[in-house]
Amino acid sequence: MFVNTLRVIRLGVAVAVVASLSACGSGPRVGAMTAPLDPQHIVAATSPLHAAVQVTEVIGGDKNNRKWGTTVDNDKFKQALEQSLSLQAVIAPSGAAKYSVNAELVELHLPWAGFDVTVTSKVHYVVTRLDDKSLTMNKLIEASYTANFSDALVAVERGRIASEGAVRENIKSFIATLAETVQAGPSQVGASH
């Protein structure tokens, strides 16, 4: 009886190790990082942002370091940002953009362990008018998201979920800030770190 119990425990540990290792390589998903349409910050068809924005450059991500399954690579971050802006109907048709967005993923901070995992994302956004190259927005946005033990049993999965949420919340804050900045006009533009 004792030997059979020991075998079951070893098998359980082996399964847990394999599950956690396979989760390490998955990384955050684009759809889970995409900010949904926010009813409080809908960009109106009359807004200067409507069908006027292009995402030019996204840097700072690291697709080669998948430790803990939390690193966001540049391509996935750019896709999530573009999809989020597209849901707001601000992505411009090819060649028709009035604003250019550059984003730098400055930090994606994850604690080493915990039942509740909170990830903090810091992204520096620069928005420029394309006609006169004037600066519309230059801002570092910080956002956090917590994944609870009930979200996933494996810590690596909680880390991935928290990373996706932190990026999603960051993009959501960016869209709201951009809409408010453009509505307020040039007096609200400037560096904010």
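Analyst: **Strands and core**

Strand E1 (53-59) pairs with strand E2 (residues 99-109) in the parallel sense, over 6 bridges. Pairing here requires at least two bridges found by DSSP between two strands. Val58 has Ala103 in E2 as its bridge partner. On to the next pair. E2 and strand E3 (residues 117-129) run in the antiparallel sense, with 10 bridges. Here Leu105 is bridged to Val123 in E3.

This is a predicted model, in which local features need pLDDT of at least 70 and side-chain atom pairs count only at pLDDT 80 or more, while totals for chains, interfaces and linings use all residues. Residues are numbered from 1 along each chain as its sequence is written, and side-chain values use heavy atoms, with hydrogens and water left out.

The protein has 4 helices and 5 strands. Their order from the N terminus is α-α-β-α-β-β-β-α-β. Both kinds of element are DSSP runs, numbered from the N terminus: helices are H or I with at least four residues, strands are E with at least two.

Now the interior. Of the 193 residues, 39% count as buried. Buried means under 20% relative accessible area, exposed means over 50%, and partly exposed lies in between (1.4 Å probe, protein chains only). In soluble globular proteins, nonpolar side chains tend to be buried together. A nonpolar core is a set of buried Ala, Val, Leu, Ile, Met, Phe, Trp, Tyr and Cys residues, joined through side-chain atoms within 4.5 Å.

The largest such core holds 31 residues. Leu49, Phe77, Leu81, Leu85, Tyr125, Ile171 and Phe174 have the most contacts inside it. At least two residues each come from H2, E1, helix H3 (74-87), E2, E3, strand E4 (135-147) and helix H4 (155-184). H4 gives the most, with 7 residues.

Look at Leu49. Setting aside neighbours within four places in sequence, Leu49 is in contact with Val43, Val90, Tyr99, Leu178, Ala179 and Val182. Contact means heavy atoms within 4.5 Å. Another core lies apart from the largest one. This other core has 8 residues, among them Leu110, Ala147, Ala152 and Ala162.

Among contacts with a separation of 6 or more, 70% join residues 24 or more positions apart.

Compare Pro39. Pro39 sits in the loop between helix H2 (30-33) and E1. Its relative accessible area is 67%, so Pro39 is exposed.
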